[in-house]
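Take a walk through this model, one side chain at a time.

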Amino acid sequence: VSTLACCRRYVVPALALASGERAAAPLIEDYADEFVTKMMFHYRWAFEDSYSRVAPMLVYWQSPKGPDAGPMAEQFAQRQVGRLGVVGSNMTTGPVIEAAYKRLLPILDALIAKQGYVLGERPSAADFALHGQLSQLAQIDTVSMEIALDTSLRVRAWLDRMEDLSGIDVSVSDWADPSNLAVFGPLLTEIGQTYAPFMRANAEAVMGGNDNFKTTVAGAEWTQSTFPYQAKCVAALRASYDALPPESRATVDAALAGTGCEVLFA
């Protein structure tokens with residue numbers, strides 16, 4: 001059974017989760033969707049050693065019986081390379097993105113070593129979201145794959161396990177203890193110094209009608225064009241946070257305090 005077939009079975013509806021997971025899962029999931037995506041796009045299209053191999057594979061994935069992929073692959077690669085700036089990869093941000101990827105791998109290694117998955121002893125929406133990007137980074141693209149193999153074979157093995165989860169029996173008790181959200185501290189801090197300032201600055205720029213913005217990500221300068229969809233993501237996260245009952249929100253606030261993530265909900 002594929003990961004997609006397992007997704008509905010293992011991702012519990014939000015109301016069934018403990019308060020910690022109800023807040024942590026959407027935040028981690030959106031981090032994967034909106035910031036780890038930058039890592040994937042950067043490592044795939046900013047390095048010729050990666051895109052010279054990946055572009056033909058993408059053509060063959062779609063048309064395995066077609067002619068030699070060379071011309072079409074080259075055309076597609078150049079289109080994607082030209083879109084690096086749209087996603088946020090440029091001369092200023094490239095080193096920031098690469099440093100973030102190299103920090104994320106050992107953080108995930110430690111979480112998986114402790115509990116098997118990101119939010120406990122069972123897969124979650126956070127696992128599926130991170131798997132989507134990291135499966136490309138650590139299993140397909142040449143440059144980032146070598147970094148992953150040198151940094152954490154455990155993360156690579158987790159990615160392989162995520163491809164087929166059909167033999168796992170799950171229960172509500174498999175979630176991490178919501179009263180001990182400190183276990184997520186390193187990951188939340190990483191999200192708080194990368195995704196959070198980027199998303200807030202982008203949302204403010206969109207609200208202000210600006211086409212570009214500058215901010216600080218992980219202590220370094222970050223500049224790119226605004227992206228309206230990501231402003232909607234911030235609004236959705238805030239709505240999810242606002243919907244928490246007071247006692248759950250207090251637990252979440254305590255977990256987020258000092259991580260940098262709290263700026264999203266201020």
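Which side chains meet in a salt bridge with an N to O distance of 2.5 Å? They are those of arginine 53 and aspartate 49. Keep in mind that this is a predicted model. Both residues belong to helix 3, which spans residues 48-62. They sit four residues apart, about one turn of the helix. Arginine 53 has 46% relative accessibility, so it counts as partly exposed. Aspartate 49 is also partly exposed, because its relative accessible area is 37%, and the cut-offs for that class are 20% and 50%.

This pair is one part of a set. The structure holds six salt bridges. Another joins aspartate 160 to arginine 156, with the closest N and O atoms 3.3 Å apart. Aspartate 160 is partly exposed at 37% relative accessibility. Arginine 156 has a relative accessible area of 24% and is likewise partly exposed.

Arginine 103 forms a salt bridge with glutamate 190, and their closest N and O atoms are 2.7 Å apart. Arginine 103 is in helix 6 (residues 94-115), while glutamate 190 is in helix 10 (residues 185-193), so the pair ties together parts that are 87 residues apart in sequence. Is each partner buried or exposed, or something in between? Arginine 103 is partly exposed, with a relative accessible area of 26%. Glutamate 190 counts as buried because its relative accessibility is 2%, and buried means under 20%.

A buried arginine comes next. Arginine 44 lies in helix 2, residues 19-45. Its relative accessibility is 6%, so arginine 44 counts as buried. What does its side chain contact at 2.7 Å? The partner is the side chain of glutamine 136, and the contact is polar. Look at what else surrounds this residue.

Valine 86 is found in helix 5, residues 84-87. At 35% relative accessibility, valine 86 is partly exposed.

Finally, step back to the whole chain. How many helices and strands does the protein chain have? There are 13 helices and two strands. The protein chain has 266 residues, and 50% of them are buried. Glutamate 190 and arginine 44 are both examples of buried residues. Contacts across the sequence can be read in the same way. Of the contacts with a separation of 6 or more, 77% are between residues 24 or more positions apart. The accessible surface of the protein chain comes to about 12200 Å². Carbon and sulfur atoms account for 56% of that surface.

Note on methods: Residues numbered from 1 in each chain as written. Predicted model: local features only at pLDDT ≥ 70, side-chain atom pairs only at ≥ 80, totals over all residues. Heavy atoms only, no water. Salt bridge = Lys/Arg side-chain N within 4 Å of Asp/Glu carboxyl O. Buried < 20%, exposed > 50% of the residue type's maximum accessible area, 1.4 Å probe, protein only. Polar contact = N/O pair within 3.5 Å; in protein donor to acceptor, adjacent residues only side chain to side chain. Contact = heavy atoms within 4.5 Å. Areas by Shrake-Rupley, 256 points an atom, 1.4 Å probe, with all protein chains shown as cover.
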